[in-house]
Amino acid sequence: MSQAPDPRATVAELDRALRETPNNVPAICLLGGAAHRLGLPDAAARAFDRAVEILLDCIRARDASGALAVENAIYQSFVKAVEDEDHYESAFARWREPLAQLGREMRVPLKAPPAPVSSRTLGFILHAGVMLGHTEVLFRLIEACDRAAVEPRLYVLERCEADFMARAAALGVHVAAFPEAGAKAGPPINYYARLLGIRERMAQDGVGCAVWVSIPITATFAFALGMAPAQVFWSLRYHPVRLPEIDGYITYGSWAESERTFHGQRWSVCPVPLALDPRPPAPAAVRELRSRFPEAVLLGTLAREEKIASAPFLESVAAILRRHPQCGYLWTGQARHPGIERFFGDKGVASRCHFVGWVDTPLYAAALDGFLETFPLGCGITGYQAMGAGVPLLSYLDANTVFGMQYWSELAARAGAIGRVSREMLDEYPLLCARDAREYVELASRLVTDAAYREAWRSRERRFCEDEIRGIARYSKRFFDTLRSIA
């Protein structure tokens, strides 16, 4: 394991940056994010406050490109660090209205007369053309839609990777990338200029409805700027974006729900297809990967480190490992999270916890003996990949887990209140789900020690995953029907 950063040195370096270079956004955000991961909330808050001050200064100076670049940096270092609805809302509330007003003030006429608007032409705006959860969901919905009724087009602010472009080409979906695909890295991104370029291109393409895909940064300014005749924000995570220029809001939820309300705003519910067509790895590759880990039983979580860095979830993982010394735990992330590593060290289980980085999730899912879903925010696609590979998944009773995304509202209606849900009631459903952290540890322990129990849930969850794959068309129809009704 690499040596953990020194918290005192991080704080000293941050304070020096705030004092000597108070407008150095990259340094302040980098050091502030490091302070948060080290469990230094006061230092992280000082950095966050200063970064927000710089963002508001850019807005006052009518520096749209600067403001959007700073918003991006704040999001990456401070907002994403805490996977929580209220945290996202409180962060974006500090600049949401000033940034929207700047967008209104910086509207400019189109350079050329627009083409006739088509109600069937939908423009999906993405920050980057990379294969992540939200782009995988979008492609699955497009794959199953009625292309005679819908013409989806993709507009990308940043880079486009080869696998993203190949997937779009295979579906016959046009992609307009800003910069164009393959452009070399250059000076800092001028998001304002790129938004104007997308706005111009969509007008020429006759886009009747612009749909912003999930990532909330830049969206407030863009929609205030006016991207298309109808505008929709589609969130697969949190809900901090809202303003009068948005005509409709779409979010996730269970099939029985029609709407959810977040922060006073009503959102239309469209369940999302998280079960992917299985891509079974070669058995030899699975055996070779499994041989790298010495423990007899390998549990794991394939998710971003911000999801894993949840105190109640980590406490549960540590309790499971302490109870079962034959178990190892595999965890992922784009970078090592010092707070997670320190937690496992403090609990005495670090030697059995293996950080593997950003990995081929179908392969790593297949190598596990059990998948531990994070809570309160669940794992989505990677959880389904585990079930599809025949690995039992342990979910958690919350609205944003694999179980909750399917059954939350239905179960609440049946029980009268979530607090009244019984173990017997939960076991009627095809996903293994714990009601609280204590039960989470008990169910995981039974998966580890009871082969018949483990096999029963493996079979039930695999059948559930197969049924979800067969039902993709209904998800697509509901999603595109909802978009058309808004537009």
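The buried residues of helix α8 pack against β1 (118–126), α7 (133–144), β2 (151–156) and β3 (174–177), where contact means heavy atoms within 4.5 Å. This is a predicted model, in which local features need pLDDT of at least 70, side-chain atom pairs count only at pLDDT 80 or more, and totals for chains, interfaces and linings use all residues. Residues are numbered from 1 along each chain as its sequence is written, and side-chain values use heavy atoms, with hydrogens and water left out. Helices (H or I, at least four residues) and strands (E, at least two) are DSSP runs, numbered from the N terminus.

**Helix α8**

- Phe164, Ala168 and Leu171 are buried in α8, which spans residues 162–171; buried means under 20% relative accessible area, exposed over 50%, and partly exposed in between (1.4 Å probe, protein chains only).
- The buried residues of α8 fall within an arc of 65° seen down its axis, so they line one face of the helix; the arc is that of the directions from the helix axis to the C-beta atoms.
- Ala162, Ala169 and Ala170 are exposed on the face of α8 turned away from the buried side.
- Gly172 follows α8 and has a positive phi, near 70°.

**Sheet**

- Eight strands make an open sheet of mixed pairing, in the order β3-β2-β1-β4-β5-β6-β8-β7; two strands pair if DSSP finds at least two bridges between them.
- β3 and β7 (259–262) are the edge strands, each pairing on one side only.
- β5 (residues 230–234) and β6 (residues 248–251) pair in the parallel sense over three bridges, and Val232 stands opposite Gly248 in β6.
- Helix α9 (residues 191–204) lies across β1, β2, β3 and β4 (207–213) and runs at about 160° to β2; axes are lines fitted to C-alpha atoms, for helices over the stretch in contact, and angles run from 0 to 180 degrees between N-to-C directions.

**Aromatic rings**

- The structure holds 28 aromatic pairs; rings of Phe, Tyr and Trp (its six-membered ring) pair if their centres lie within 6.5 Å, and planes under 30 degrees apart count as stacked, over 60 as edge-to-face and the rest as tilted.
- The ring centres of Phe313 and Phe375 are 5.7 Å apart and the planes are at 90°, so this pair is edge-to-face.
- Phe313 is in helix α13 (residues 311–323) and Phe375 is in the loop between β12 (370–372) and α16 (381–388), 62 residues apart.
- Phe313 is buried at 0% relative accessibility, and Phe375 is buried at 2%.
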